[in-house]
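Biologist: I would like to learn how to read a model like this, feature by feature. Where do we begin?

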Amino acid sequence: MYNMVAMPAVPLLEDETVERPLHASEVPWQTIVWNDPVNLMSYVAWVFRRYFGMGETEAEGAMMAVHTEGRAVVAQGNREAMERHVEAMHEYGLWATLEKAPR
Amino acid sequence: MRRFEPAAQSGTVEALVDQDEARVLRSLAEQLAGLLGEAGEAESSTDTAVDRILPDAYRDDDEAQAEWRRLSRRALADRKSAFAQRVADDLEPAATNPGVHTVTLDAAGALDWVRAVADLRLVLADRMGIREDGDEPSDALDGGSDLYGWLAWMQDDLVRVLTLLEKPQ
């Protein structure tokens, strides 16, 4: 016989998640920098340090990811912020795009 | 361009340049400023070099990309054109007088320079068919390969000097 006291009053949702439509401002976006054959590695790392305020190690890591994997996510946040980042990257001559973060 | 050095006055950069070098770089910068000026007037381009210096912001969303172009392209092209024009203006005295000159750049000027140099390299690379890692420059541009190498040195040296200036003294 079940111990009624020990039974949870509310059924636990395990694999199910509660779906509700996200407001547009809640959908996370990403800024992606793509590899190019022109900009020097020293320049790309410097842009990451200067613009995103990355430390030397983080900037080198992001630059190497761009170089070896072809792309790197350098920022995540709301769409407007990512558009500003993309525009700033374009000012520096880096090839950047934004897209919705995978969920 | 012989070298860039951090100047005694904190936050400034001195570029040592002779007249011939100043003429070449000024001419390139003026061409870039012109190219960007024209590109900013148009909604789209058929020039792959322009597409590279004013790239798309959205890859898979035509509607968002069209909106981006409408709202951002013109202003971005104008700002980039101003970076290039600044380089041309800074070089004017050195380009019009014989000898070796010191061009002093403040922090904002050095930032304009490094961004204009990046765009110049992107345009030259496109004109010489450098599209992917490992592409060798074609001889489509007379002396293009040397210019491209010279600008690479400039990009690296400006980064070196700007990094020195950013480090706490």
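Modeller: We begin with one pair of residues. A:Trp34 stands opposite A:Trp95 in β3(A). Keep in mind that this is a predicted model.

Biologist: How many bridges join β1 of chain A to β3(A)?

Modeller: First the general idea. Strands of a sheet pair through backbone hydrogen bonds, either parallel or antiparallel. Here β1 (residues 29-34) of chain A is joined to β3(A) by six bridges, and the two strands run antiparallel.

Biologist: In what order do the strands of that sheet stand?

Modeller: The order is β2-β1-β3 in chain A. The sheet is open, has three strands, and its pairing is antiparallel. β2 (71-77) and β3 (95-100) of chain A stand at the edges. Each has a single partner strand, so one side of each is left without a neighbour in the sheet. From one strand to the next, the twist averages 25 degrees.

Biologist: Which helix lies across β1 and β2 of chain A?

Modeller: That is α2 (residues 56-69) of chain A. Helix α2 runs at about 130 degrees to β2(A).

Biologist: How do the elements of chain A run from the N terminus on?

Modeller: They run β-α-α-β-α-β. That gives three helices and three strands. Chain A has 103 residues, of which 32% count as buried. Now take contacts in chain A between residues at least 6 apart in sequence: 67% of them join residues at least 24 apart.

Biologist: How do I describe the packing of α4(B) against α3(B)?

Modeller: Two packed helices are described by the angle between their axes and the distance between the axes. For α3(B) and α4(B), the angle is about 110 degrees and the axes are 8 Å apart. The two helices are therefore roughly perpendicular to each other. From α3(B), the contact takes B:Lys80, B:Phe83, B:Ala84, B:Arg86, B:Val87 and B:Asp90. From α4(B), it takes B:Gly109, B:Asp112, B:Trp113, B:Arg115, B:Ala116 and B:Asp119. By class, this contact has five nonpolar, one polar and six charged residues.

Biologist: Now the two chains. How many residues of each are in contact with the other?

Modeller: In chain B, 27 residues are in contact with 18 residues of chain A. On the side of chain B that touches chain A, α3 (62-95), α4 (107-127) and α5 (144-166) of chain B each supply at least two residues. The residues on that side divide into twelve nonpolar, three polar and twelve charged.

Biologist: Take A:Asn39. Is it buried or exposed?

Modeller: A:Asn39 counts as buried, because it has 24 C-beta neighbours inside 10 Å. The cut-off for buried is 20 or more. A:Asn39 lies in the loop between β1 and α1 (41-52) of chain A. Not counting residues up to four places away in sequence, A:Asn39 touches A:Val44, A:Gly93, A:Leu94 and B:Ala118. A:Asn39 and A:Trp95 are 56 residues apart along the chain, and their C-alpha atoms are separated by 9.8 Å.

Biologist: What of B:Val17 and B:Leu16: where do they lie?

Modeller: B:Val17 is found in β2 (residues 13-18) of chain B, and B:Leu16 lies in β2 of chain B. With 24 C-beta neighbours inside 10 Å, B:Val17 counts as buried. B:Leu16 has 15 other C-beta atoms within 10 Å, so it is partly exposed.

Biologist: Which residues do they touch, not counting residues up to four places away in sequence?

Modeller: B:Val17 touches B:Met1, B:Arg2, B:Ala22, B:Ala94, B:His101 and B:Val103. B:Leu16 touches B:Arg2, B:Arg3, B:Val100 and B:Thr102.

Conventions: Residues numbered from 1 in each chain as written. Chains lettered and ligands numbered in written order. Predicted model: local features only at pLDDT ≥ 70, side-chain atom pairs only at ≥ 80, totals over all residues. Contact = placed C-beta atoms within 7 Å. Helix = DSSP H or I, 4+ residues; strand = E, 2+ residues; numbered from the N terminus. Nonpolar A, V, L, I, M, F, W, Y, C, P; charged D, E, K, R; others polar. Pairing = 2+ DSSP bridges. Axes fitted to C-alpha atoms, helices over the stretch in contact; angles between N-to-C directions. Parallel < 35°, antiparallel > 145°, perpendicular 65-115°, else oblique. Buried ≥ 20, exposed ≤ 12 C-beta atoms within 10 Å, placed from the backbone.
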